[in-house]
Each structure stands twice: as C-alpha cells, then as structure tokens.
Amino acid sequence: MKNFICFVFVVVTMVSPIVMAEQVNLYSARKEALIKPLLDKFTQETGISVNLVTGNADNLITRLKSEGKYSPADLLLTTDVGRLYRAKQQDLTQEIATSEAISLLPNNLRDEQGHWLGLSLRARPLMVSVDRVDFKTLTNLEDLVSSEWKGRVCIRSSSNIYNQSMVAALIAQLGESDAQEWVNGLVNNFARSPQGGDRDQIKAVASGMCDVAIANTYYLAGMLSSEDTTTQEQAKKIKVIWPNQADRGVHINISGVALTKNAPNKDAAIKLIDFLLSKESQLWYSTANHEYPVLADIAWSELLQSFGRFKTEDVPLSRLGELNAEAVQMMDRAGWK
Amino acid sequence: MKFSNWFTSWFNSWYVGIVVGCFILAAPIGLVFVSVFFPQIEIWQHLYSTVLIDYIVNSLALAFGVGVLVIIIGTALAWCIARYEFTGRKQLQWLILLPMAMPAYIIAYTYTGLLDFAGPVQTLLRETFGWQYGDYYFPDIRTLSGAIIMLSLVLYPYVYMLAKTAFSEQPASLEEASRSLGVSASKHLFKVVLPLARPAILMGAALAMMEAFADYGTVQYFGLSTFTTGIFRTWFGLGNGIAAAQLAAMLTSFVVLLLVIEYLSRRKIRYYFQGQKPQQINRQKLTGSSAFWVPFICVIPVLFGFILPVIQLFNWASKTYSKQLNSEFWLLLWNSFYLAAIAAITAVTLALLFAYGKRLNPSKTIRFFVGVVSLGYAVPGTVIAIGAMISLSWIDIKINMLTEGWFDVSVGLVLSGSLFALVLVYSSRFLAVAMHNIDTGLARVKPSMDDAARSLGHKPLQILRTIHVPLMKTSVLSALLLVFVDVLKELPATLILRPFNFNTLAVKAFELASDERLMDAALPALAIVSVGILPVILLTMLMDKPSENSKQSN
C-alpha cells in the first residue's frame, strides 16, 4: 500500500497541473530574463496569466509540430525572422486577424499574410577601435575584404544565426557570386579563428587583438551599462560605424511573434500581442535590452541615441529565412568555422 | 496464490520485462537510426566536401585526448589515496571528487573569462610589462587542447572513483605473494595491480569519453567543429533534420566502436572476490619529501578543476547576487534537486533490474538490448530529447483520440507535456552511468551466492533486494550519486522538454551565460555546484567505510 501511495504521489507531481483561469501559453526563444518582466506587467494589467517555456527556437518549433493539434502553445516568440518563416513554412501558424497594432508596422517587418510580426529590432554594424582605426577609411561592409584589413577582422562563428542572417541578406541583395566573394574575402582577413560570442569580439577589438568587429549593438550597449568597470572601460574604446549608408543600409533583424495554428487561447494571445506592441512595452525593449523599437514614433534611450541614427536594409525579412541554408553552405565553402 | 503459478515462469517474465523496458528507453535513440533509411545525398556531398572531416577528426581527438588525460589523472590520484597515508589524505579524498559537480560548460566559461586576451590575467601581464598584442606568447584557451583540458578537469573523477575501489579492494595477499617471490614494487604495480584494475579504469575512461563525444556547451563556446556542433548546424542552419539525425547516428557508431573495444579488452577477465572480507591493504605511511609532494600533486587537479573556477564564480556572484537571491531562486533550487533525485532513483532502479536480469539470462538478445540503452550516454541530450518528444507526442495524440472517442474529453499532453518526459530522457541518457557502476558491483558478487539463495527457495527479486543490493551498497550509492549530479548539470534535454513555468538551475545558468552575461550566470552555477557537493560528500563518507562485503555473507 505504501508503495502504491508513493507511486500515485510521483505520478501526480510529474503530470503538470491543469489551470483553468484565463491564460496564454507562450513558447519563447527569447530568454526568460528578457521577456518575463513584460509578461508580469501584462498579467498585472489584464489578469490574464502567462505560462512560459523558453528554449531554442528550432526545438520549440519541433515541439509545436510534434504536438500537433493538442499543442497548448498560443504564441511562438523568436529572436530572428528565419525561425518565424520556418514555422510558417511548416504550417504551424495562422493569421493574426484582429490585432490593430499590425497596421502600424512597416511592411518589411511583418509577414505578407500577417502570420507573424516584429516586436523589436536589432542592427549589426561595424565596431572599430577608437584609437587605431581611421573612421573615414571604412564606409561599407565591402571595404572589409580589401588587403588593408588583412588579419584585423574579428567575428563569431558562422554557426550563429546573426551571421547566417547577415550573409543571407547579402545573397538577397548582391546575388550569389558577389556574396560568396565577399564571404571568402572576409574569411581571408580574419584575425583569428572565430570563437566566443559577440561580446568577445568587442573585447578583442578593445584589447588590440583585432581592429574591427561585426556585432549587434545591444551587446555593446549592455557592456556600456554594465556594473563591472573593466567591461565598461573596454566598451568605451569602441566606436560604431554604420555601413552602407549611401546605398542599401545596415543589416537588421527582428525578434518577433507568431500566432500558432491551433492556439487554444486566441483572444488572450492577441491581447498579449497588442500589449507587446504598446508604447510602454516598446520603450521597455529599448531601455532594458537596448533593442530598437519597431514602431517609428517611440523615443530611443539615450544610449541608443549615442550610437546615432542609421539607414536599414529594406530586403523583405522573410527572404532571410528562405536563404538561410544557402548562407550556411556558402560559409562552409569559405572555411568560416 | 494462483498468480504465483503463472509467475513460476519468472525466467521469461524477467526476459520480457527487460526487452520491453529497454525498448521504451531505446526508442528515442532508435529514432536516430531510422533516419539512415532516408538518404540525403546532396547535403552529404556538401558536408563531405567541406566540414565532415573536421567533425570526425576533432570529435575523435577530443574524446581520445580526454580519455588519456582522465586515465593519467584519475589513476594516479586513486593510487595515492588508496595506497598511501599522509597528512590531508582524509580531506583530499572528498576534495578530489568535487570537480564532478562542475558542469563542463561553466568551467569553460570561467577559464575563458580568466585567461583570454581581454581577461584579467593577460591584461595584467600587458600592463606590468608594457606589452601589446603580438609581443608575447600566451596559450589560447579556446582550442581543441583547451577543450580537452577543460573536460578532463571535470571528468577525471569517473576514473578515480572506479580505480580507487579497484585498488583498495585488491587483497593484501597479492602484494605479499609478489614480495615473497622477489618482485620489485614497480613491477608489481605494472604486472599485477594495474592489470587487475584495468577493467575499472577503462570503464571510467569510456564514460568520460562518451561524455566528451556528447559535449556541446564547451565545444560550441570554443568554436570547435565537432559532431555535436555539426549536428546543430545541419539541423538549424541547413534546416535538415534528417541529415542531422544521420550525423548523430554516425557519432553513436563511434561510441559503439569504443564500447566494443572496451568490452573486448576485458572479455576474458573475470575476477571474483569472496564474500568474506579480504585482508585489507595497510596504507603505506609517507615520510620525508614524498610526504610533502604527494599531497601537493593530489591537490593540483582539484585546484584547477574546482577551487580556481569557484573563486572566480564567487567573485562574479558577489557583484550580482543581491538582485538574484529571491523566492524564484529558491524555487529553482528545489526544482533542480527533486527532479535530479527522482531521476536518479528511477535510473538506478532500472539499472539494477536490467543488470540483474542480464545475470539471470545471459543471452545475446538481452545483452544487445541492454547495450543499446547504454548508448544513450553518448548521444547528445538534444537528440535524445527530440526523439523522446516525437515518440511521446505521438502516443499523447493517440491517447487523446481515444479519450475523445470514449468520453468526449481531451486529456492534453499527459506524457510529453509533463515531467514524465524528462525522467524518461534522463533515464535513457544516464542509464549507462548507473549500469557501469551496478555491473561492476554485481560482477564482484560470486554467482555461487545466487545459486545458494535460489536453492533455498528465494525469488529473484527477493535475492536482488536482500542479498545483492546490500552487498554492493557502495556501487548502488555511487550510481545514485553520479546520475543525480549528471541530471543536476543536464541541460539540453531539460531545455527542450520541461513543462510550462518550470526552470532548473542549469537552465537559468545557461540562459544567462549564453546571453553573454557570465556574471549573472555565476550564482546559479555556484548553486549547481553546491547542491552537487552534498551527495559527493555523502559518497566519500561511504566509500571510506571498510568494505561492506563481509556484513551479510553469512
């Protein structure tokens, strides 16, 4: 009998409780720390509770797919557009029909059929050493492949989605052969075999290992607002250069949200989307995580303003998803680790 | 008791039970191999002409490098602790095990933070000597050899634990015999002691190598192209899940090869110890200079594998703990603890049943099935987790169709959406660890014991519970401990399969670290280490007790 009770106890603790109050279920590729504060605020304002699982976007998509029509998830949050595209391709999403906010978004930041939309924006500019680089010599991404930059470029591994998206965008805009040439040239100018994350590239520039890095702005902003003084000092040795301002603009990507095909709590989910696009949430993105808001009329934080305004690529973001595999193969061929 | 009539064919019910159990646990691994039937020629041509050779060479170099290094560190430490008496030996005994509580990716992050070009050590050197970049040589930590060292520093306890038990259980009579025959001490070591301990040492090394094959966190951070990083690159980057599974199958095949070699190397060796307590070896008291340098050398692995990284983590955590130490943190701690405990108990129970079933039915089929399940340890957690997710969701969907048809209610995702999925994956992934320990323990119990108990009319389960388990208490406990610590550190499967609003320390530490917020990750990382230490200390206390072989034999 005792064994039986133990068994029942274990089973009960293992099977997750079913809560009946109004709720939204969220599969999020955004880290908990970078979304939970907003969700808590949403619950406070509306009384709708939000259940959250975080994880790698592709794993979450696989989970969504294998759960089929019984999936509890209402929304899929990702940190890049390629994954939203992939979820839509696999027929896991549906149109976000009644959201008013969607009409406010620029066309290239949302899906044509309205299956997904952007929530925040990030840019991937050049970051150079304040002391060792003459800013005027560097205006375009294409400059980096000239022999002048040999052994001076730091960038992270091509396994990372930021680089995959960047190269995919280049393929979309320059065509395949020019993009391959650029990738080959860049690899040729690497200061070291790619390692670490974006912050590590910034640190490498700060300490003199290389002179230019390609990294996302919010990493630099995060370092500038760090509590650690060494990190701050390192970040201060860096200047942001916005490339290709005379032609196509700097590479951008979004974090975004898609409504799942079988969303059991559709109404509450749409309320959450509206909330995430509200002025206060958009402001939060820019102040807490130093991302750019997707809506034009939202003020930027001082830190973001200090990097300057910039022109962005206007290639439809879904193209980045389509070209992702090609970009990876291209980098494989160039020997970009 | 009509039931018992049916149960008289218990030989067969054990047989069936094991095959079914193995089948369930092996299903996620099996799914990986199914992929082989869907050839992806184009992708493979691309992989072959670009990165495949890198994957193979790096993975093999990593695993064998780790294998050699853990054998050296683990065996040397085990020898010193088992055979010598010196100041600090008691403390060292548990200190040596501590690196086990340290997740490999955490130690990689900390050392990189300390040693890379922009880190405090090199910055200090540059400031002191006025050097610039390129003026001096400093070994790069984020390389293949760096990864080998990082992994070996946290994996050597596998070899140490098994080797130490082997060394201390060798009866003193052996040494007396050698000495009486005029064999020198070093010859005795290489001709008698090491060959006798070889199965244990190789088993420990095999575990460490399997873990090295499956490592993702460290190699990913170091930017190394191995099978694990390749699997994810193919799956996420190239968007080809089938080719990724085929890569995983290829990786698993390497491990099969490794296990076959290990098995062949000890196939002909069977050592049994009598039930009664063998004459224990008296540890030799060290005097003179060796009394100083032996403890000094023994401390080095702990220093680098535990003390230094922990100091660095403390340093980071001291700057961030105030905003992290809230009720949510205690919940994380509790979640991690009870999940690891449930998983450890489940996995060890299964391992006991399987190992014992294997002993009852030493047939090829059983051996094969149990062998397949043990492979789980080398398959990257993500791959098993995805396999489990796909198979469990499939069952869930069928269950829901049934309940909808009969009662018009859907019960939801009872298996794949609950902790059940996690416990299943942990069991399938860490069964190998438990099995290795239980197998070694069980192999030392003489088969004549089983015969005696059976001839007295005891049932197999009863024999297992009342005779074997007490006899091999140390093995069972070390199996429990190892699985507990492994689950505590486990990341990819937890990340993929956990239910809503459920986080563990490892998930938290990883999310922060992968967001390049190492300082914020320090506190959860320290918590993993501290929760992991408790059972480590418990285990050493048990290991230190005189062998319990004698207690129940009469």
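**Exercise 1. Which residues of the largest nonpolar core touch the most other members?**

Solution. This is a predicted model.
Step 1: take the largest nonpolar core, which holds 282 residues.
Step 2: pick out the members that touch the most others. They are A213(A), V66(B), A347(B), A351(B), A434(B) and V483(B).
Step 3: follow V483(B). Leaving out residues up to four places away in sequence, V483(B) touches A343(B), A344(B), A347(B), V348(B), F430(B), V433(B) and A434(B).

**Exercise 2. Sort residues of helix α3 of chain B: which are buried and which are exposed?**

Solution. Helix α3(B) runs over residues 41-50.
Step 1: find the residues with 20 or more other C-beta atoms within 10 Å. I43(B), H46(B) and L47(B) are buried.
Step 2: check their directions. They lie on the same side of α3(B), because they cover an arc of only 95 degrees around the axis.
Step 3: turn to the other side. There I41(B), E42(B), Q45(B), Y48(B) and S49(B) are exposed.
Step 4: name the packing partners. The buried residues pack against α14 (324-334) of chain A, and against α4 (52-83) and α13 (241-265) of chain B.

**Exercise 3. Where in chain B is confidence lowest, and where highest?**

Solution. 
Step 1: start with the whole chain. Chain B has an average pLDDT of 83, and 92% of its residues score at least 70.
Step 2: compare elements. Confidence is lowest in helix α1(B), residues 2-7, with a mean of 48. It is highest in α4(B), at 93.
Step 3: look at residues 547-554 of chain B. Their pLDDT is below 50. Beyond near neighbours in sequence, this stretch has 15 contacts in the model.
Step 4: The predictor gives an ipTM of 0.76 and a pTM of 0.82.

Technical notes. Residues numbered from 1 in each chain as written. Chains lettered and ligands numbered in written order. Predicted model: local features only at pLDDT ≥ 70, side-chain atom pairs only at ≥ 80, totals over all residues. Core = buried A, V, L, I, M, F, W, Y, C linked by C-beta atoms within 7 Å. Buried ≥ 20, exposed ≤ 12 C-beta atoms within 10 Å, placed from the backbone. Contact = placed C-beta atoms within 7 Å. Helix = DSSP H or I, 4+ residues; strand = E, 2+ residues; numbered from the N terminus. Arc of directions from axis to C-beta. pLDDT = per-residue confidence, 0-100.
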